[in-house]
Amino acid sequence: MTAAITPPLLKIDNLRTYFYARSKHSFVRAVDGVSLEVGHSETVGVVGESGSGKSIAAMSVMGLISAGPGVIGGSIKFASHRVQKNLLEGLDKFVKVEEQHGRVMVVHKDDSGWQNASERIMGSLRGKEIAMIFQNPRASLNPYITVGEQLTEAIRLHTANKSPKESTERALYWLERVKIDSPRLRFDSYPSAMSGGMCQRAMIAMALSSEPSLLIADEPTTGLDATIQSKIVDLMEELKSETGISTLLISHDISVISRLADRVAVMYGGAVVEYGSAQLVLGEDASIKHPYTAALLASVPSEQKIRDKDNLQTIDGDVLDTINVPPGCRFFARCNQVTPEIKEKCATHHPDLREIAPGHQVRCWRFNG
Amino acid sequence: MKKYTQTSGEIGDFSQLPIWQKYALVDLLYVAYGLLIVALVLVSYVLGMFNLLPHDPQQINIELLMASPLSDGYLLGTDFLGRDILSRLIMGIQAYFLPGLLAISISLIVGVVLGVLSGYRGGRIETVIVYFTNLIDSFPRLVLILLVIAAFKPDIYYIMIVMGITGIPTVTTAIANKIRFLAQKSFIEAAIALGLRTRVIIMKHILWYNCRALLIIQATLGMGEAILLETSLSYLGFGVQEPVSSWGNMVQSGANYFLQGNFWPSTAPALAILFTILGFNLLGDGLNNILEDRRGR
Amino acid sequence: MPKTILEVSQLSKHFSRHRSMFSALQRNRRAEIIPAVDNVSFYLRENETMGLVGESGCGKTTIGRTILRLTKPTSGKVIFDGRDITHLSDQELRPLRKDMQLIFQDLDAGLNPKMRVQSILSEAVSVYERLSDAEIKVKTRMLLDQVNLKYSKLSSYPSELSGGEKRRVGIARVLAVGAKLIVADEPTSALDVSIQAHMVNLLRELQKQLGLSYLFISHDLQVVELMSHKVAVMYLGKIVEMGLTEHVASAARHPYTYILW
Amino acid sequence: MLKELALAFLLLLGVSFIVFAILYAAPGDQLNVLLEGQLPTPEVRAGVREALGVAQSWYGQYFSWLLGVLSGNFGTSIRTGLPVGPELLSVSLNTLYLTLGSMLVTLLIAIPIALYASARGHLVSISWPLTMLGYVISALPVFWLGYIAIYISIHWFNFFPLASLGRQSDVNGWLYTFVPVMVLGLGSGTISEVIRNLREEMTRVMAEDYVRTARAKGASVWRHAFKEGLLIPVTEIIAAKIPFILGGAVIVEQVFNWPGMGRMAWQAAQDRDFSVIMGIALIAATFVRLGSLLQRTICAAVNPQHARE
């Protein structure tokens, strides 16, 4: 997909975002070494369960992390045809991390300094180059401002349509484009008067109206009714083929990911455990997958299981403790594919994300032999 | 540069952490200071009750007018009549302590009952209670008190009863809102569905577990308000009358010498008021943060 | 033929929103939109699961709450275990609550954030009978075994539990009183897929062991299909289609069911 | 909106009833004095007495008094012998200036501090002293603060800030208003509460999803957070604090000899001049209700959800 010569649109490298845990003397390692690429006109799906760090990773890209210490390492390179930038430029000047045996022990961070620097970098990109939509669309629109005004604000800020008339026209065009019925009426209504599905359409319109290079969709269907969900996915599918916009799609819903994504990254415990084309990662063949991906897919009720009223396959063991992350593979305690030969390694060494086939990377000792 | 450290071991159970790691240092300091003040007030109240004072608070000493602190065995100096300021301050606590407690009890007890009725029962009772609280809230407290003074007499207990009543709406609204919040989170319904008795739900789950912080704060704030109110009324001439001392009339009478540059007789009680109210307010704040487990600020 | 544990006939619940002058007094009160229920009838046998599906706002939850008499129906009848409970007073209902329980959608419902799991469960265990401390201890441990939760969690506060663990404590709390009928209101909707699978298995296991009857309310069709023997589809407060799960799922009659499935 | 008006009316009715009840319960025959005070001449008075019967029922007395009040007749002051109405009007306007001015002072100080503290988030070190300062000022008796202000103005600026003097001199006339307004604004005890309240609201709103959306689309966060985070809480807290500030005004007027309601109330309480103090209580309550009405109106104007309700 991605040509080797032109850099990918978004290249996240070893991103680390930590938060302090309750006692302020330990960290929640929310995102712990995530590397990811989004190519031009490509949709990359990030799938994982709650606590896997997928949303935090997306927010880190947007520079929207406000809790401390927040982003403490890595690089995020953004390269559209208009702008080339490292979104974490100069981060190392504000952060000093002391590590011991690969574990972060102490973080010195000049919060306000980095906050300012980050705002400077992101200021010209947010909304214009990278747009974002969120879950819970009704809460994500300002309840005190009409939908139309929120749209025209984005348009005036980021496009050449500066006059009220132009921006209104443009806003109406986009409302129509996301298939909101009677756009003129909706233009003047407040978000509270609209359903969740309609609000999400308005959010999408707002995000796309500034014609960004990258769209980050953070759980765009979560919290919506099932029928509405599929309609939103339909819309996104359509807009994807029409506009060819690159998308970073975050979702816990495998069916949404499988419908929209070209490539899929599976996250577990703050790291990407598997990364590859959607067909391979979400496909039937469990033998070439990370054990977590395989188990996750198996726990979704399949038609066969429903028919037979079979018990669902589950992933045993506790959810990963992201504060006291174990030294070895993060999935080790719950993994059902540990063989005696690799057990030792699994328990003590964190595997790398390794290419097992062209364009298919897995972070597991099974494939590292 | 801020420093964040990770202790190498397991963090384990939060509740087993030593207290200074569990809560923000500021909160602990607030509470410590507040408790100190409360203890001082209590001790002084008892001392005053049994007349265990360094000097007779009403003993006039013409020889030593406006003595500065630490002079001649007068720890805090003397006032414009040469009376010992420290003794008068200690005696002054008598003026507000019991009446203040009365006012607080009225606001808390009536406020809790009305709050529970309004939040838990809802419906028509709620409407009546909300009307009542709005009604009380329509009066400026001091104006209502002046009205009562005009109609009856300037008695501190009457005044504190009015203060207690005017304190009801705050408590009622806070409790009712809390209950509504709990109801919104299916909390109360879950207790009912389990089959718990209404009494248990209200007393144990609502009041004890979820409203105690709120009530403590109201109580501490109430004490602060009682002090300020007593002061204001003394200033207006309706409080404790000279020669009996109260903090209010000490500030007031001392203030007559203020413009001549004799600050101390008025400033000493003003500072006493300041530190005491600060103590009560910070105690409430700190306890709230600790009980509600809201860390830092 | 197993006996019928719950019979609901022509149940309706309407909400009238009074708008008196005094409503202006109610500050900070968000307008709650409570979906109504219109003329709903069904029955549930022992050891059986009935699924109730529909979109949010269709009245599923209201049905659950009305059956358990957490709210009074406008008209119709609820017969639980052969007894008409439609008009019982709160006092009369209390002993009956032992047999019918509700699993709330909200994971935190019933988990007082200031109480440890231990006290939450011992409270639930001793609602209906006076037990000695030793008995309480034995019983809480038994409950934890039933819901596959480690004993070490007893000393945790709810905020220290993961979503799945909270749900397990919630289920244990309901089992503690020895309920026969459990209304489960979206018990899996707030959970991740892998944990959802745990819960589905657990609920089915418990049904087998304890002979429970479930009214399983959910918007997730696959889970409902997996859980239920029969299923009712709701739309705007009415049941538009009802039948054995296999039939409804494979050959829906009502157009709405068709869209939904 | 009509509902709000009706409610305000109902509350004022309740207020009048409470005021009446207090006086009814008061020892002595004050009510008759009061009722008679409403009537201009002895002849009319006698006529009314006859017409109503001497032993009036309490509600009869209440309604005749209420009718008098509603027609602007607050009775006669026993101190001056003059009708209370006209004087109340001028006096209440004076108090209005004082309270409005002091509110402005409170807000001008509190809003920047609150915004700064909320914008800085968890940087305790900066917002902490400011918060502390607010606490300290709130815990001081207002009149003591007033004395300090007087002392400072005399010794540093060489003028005596008593309102009664201010009327006579044209030079620096505004200063005579300025000092009491400052003292009430700083010392009424509302500043720390306003700061805390605003900071909490702003912090809460800043964490709202829609503010995050605003950041994500590169728009001004302040613009989006303004209505819910600042405008509404400010109006709310002002409305809620009116009674408090009016109470503080009683003291400050006393300190600075400000010819307002508070001073008049104080005088009346000393003289047991019922018609005056009742009138003041009613007017103060009216101010409170009006403030609350205004707040609801603003709230409804910015929040379309509530308006439609």
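These legends go with several close-up views of a predicted model.

**View 1. The whole complex and its confidence scores.** The model is predicted, with no experimental coordinates behind the views described here. For the complex, the predictor gives an ipTM of 0.84 and a pTM of 0.85. Chain C has a mean pLDDT of 87. In chain C, 93% of the residues reach 70 or more.

**View 2. Chain A, with 14 helices and 14 strands.** The C-alpha trace of chain A spans about 70 × 60 × 45 Å along its principal axes. Chain A has 369 residues, and a compact globule with that number would have a radius of gyration near 21 Å; the chain has 21 Å, so the two agree. Take the contacts in chain A between residues at least 6 apart in sequence. Of these, 63% join residues at least 24 apart.

**View 3. Chain C, with 9 helices and 10 strands.** Along its principal axes, the C-alpha trace of chain C spans about 55 × 50 × 35 Å. A compact globule of 261 residues would have a radius of gyration near 18 Å; chain C has 19 Å, which agrees. Of the 261 residues of chain C, 45% count as buried. Among contacts in chain C with a separation of 6 or more, 71% come from residues 24 or more positions apart.

**View 4. Confidence along chain C.** Strand E8 of chain C, residues 213-218, has the highest mean pLDDT among the elements of the chain, at 95. Helix H9 of chain C, residues 255-260, has the lowest, at 79. Residues 27-31 of chain C stay under 50. For this stretch, the model has 2 contacts beyond four places in sequence. Where pLDDT is low, the predicted coordinates should not be read in detail.

**View 5. C:Leu96 in helix H2 of chain C.** Helix H2 of chain C covers residues 90-96. C:Leu96 has 16 C-beta neighbours inside 10 Å, so C:Leu96 counts as partly exposed. Leaving aside residues up to four places away in sequence, C:Leu96 touches C:Phe80 and C:Ile85. C:Leu68 lies 28 residues from C:Leu96 along the chain, and their C-alpha atoms are separated by 9.5 Å.

**View 6. The bend in helix H8 of chain B.** Helix H8 of chain B runs over residues 198-236, 39 residues in all. A straight helix would reach 57 Å at 1.5 Å a residue, but the end C-alpha atoms of H8(B) are only 48 Å apart. At B:Cys211, H8(B) bends by about 70°. B:Gly237 follows H8(B) and has a positive phi, near 90°.

**View 7. The contact between chain B and chain D.** Here 35 residues of chain B are in contact with 40 residues of chain D. On the side of chain B, the elements giving two or more residues are helices H4 (123-137), H5 (141-151), H8, H9 (247-255) and H10 (264-291). H5(B) supplies the largest share, 10 residues. This side of chain B divides into 25 nonpolar, 7 polar and 3 charged residues.

**View 8. The contact between chain C and chain B.** Chain C gives 26 residues to this contact, and chain B gives 20 residues. The side of chain C that touches chain B holds 12 nonpolar, 6 polar and 8 charged residues.

Conventions: Residues are numbered from 1 along each chain as its sequence is written. Chains are lettered from A and ligands numbered from 1 in the order in which they are written. This is a predicted model: local features need pLDDT of at least 70, side-chain atom pairs count only at pLDDT 80 or more; totals for chains, interfaces and linings use all residues. Two residues are in contact if their C-beta atoms, placed from the backbone, lie within 7 Å. Ala, Val, Leu, Ile, Met, Phe, Trp, Tyr, Cys and Pro count as nonpolar, Asp, Glu, Lys and Arg as charged, and the others, Gly among them, as polar. Helices (H or I, at least four residues) and strands (E, at least two) are DSSP runs, numbered from the N terminus. The radius of gyration is taken over C-alpha atoms; the globule rule is 2.2 Å times the number of residues to the power 0.38. A residue is buried if 20 or more other C-beta atoms lie within 10 Å of its own, exposed if 12 or fewer, and partly exposed in between; C-beta atoms are placed from the backbone. The expected span of a helix is 1.5 Å times one less than its number of residues. The bend at a residue is the angle between axes fitted to the seven residues ending there and the seven starting there. pLDDT is the predictor's confidence in each residue, from 0 to 100.
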